[in-house]
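Please have a first look at the structure below, then read on.

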Amino acid sequence: MGTTGKTMRKTATAVAVTAAVIAASLLTTSGSAAADPMGRGRFMLCAREDTYAQLKFRGTPPPVVVFLDTVLVRPGACIADYIQSGVKNLDVYVIGPGSIQAIRLSSHPASAAMNPGLKIYTHSRTVGGSTALWVAYKTT
């Protein structure tokens, strides 16, 4: 083999190493968004199973409650955004199938400055055709 054979082997080796590096970086960066922490002042709301999830951004504590905004997430979906200035709490509600009544599940202190942000998931369990249990949990 002359220099052409050596050049071809070096090129093939370089391509194989580059492909391995790219594959390894894809494995480490393409993890689930649910596992990644939320950034400063951000929230994510996910509605699991067959219920809508609703998030109300509360600006003042009871007894005078002022809601600054509301987000509604359809079943099986998630939404992520920034917590607006002036928010003190995030109130989590669910709306079951065939219902127009929102049920409050939990409330979480929150602000545009909190770091890390919040991830909130709602779950429901249907028993005998009726939704019998709703759960909301949060992570950072």
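The points below go through the salt bridges, one by one.

1. A word on the model first. It is a predicted model, where local features need pLDDT of at least 70 and side-chain atom pairs count only at pLDDT 80 or more, while totals for chains, interfaces and linings use all residues. Residues are numbered from 1 along each chain as its sequence is written, and side-chain values use heavy atoms, with hydrogens and water left out.

2. You will find two salt bridges here (a side-chain nitrogen of Lys or Arg within 4 Å of a carboxyl oxygen of Asp or Glu). One joins Asp91 to Arg58, with 2.9 Å between the closest N and O atoms. Asp91 sits in strand β5 (residues 89-95) and Arg58 in strand β2 (residues 52-58), so this pair ties together parts 33 residues apart in sequence. Strands are DSSP runs of E, at least two residues, numbered from the N terminus.

3. Are these two partners buried or exposed? Asp91 is buried, at 2% relative accessible area, and Arg58 is buried too, at 7%. Buried means under 20% relative accessible area, exposed over 50%, and partly exposed in between (1.4 Å probe, protein chains only).

4. Asp91 also meets Arg104 in a salt bridge, at 3.7 Å from N to O. This pair links strand β5 with strand β6 (residues 102-109), the two residues being 13 apart. Arg104 is partly exposed, with 45% relative accessibility. Through shared partners, Arg58, Asp91 and Arg104 form one network of salt bridges.

Methods:
Helix = DSSP H or I, 4+ residues; strand = E, 2+ residues; numbered from the N terminus.
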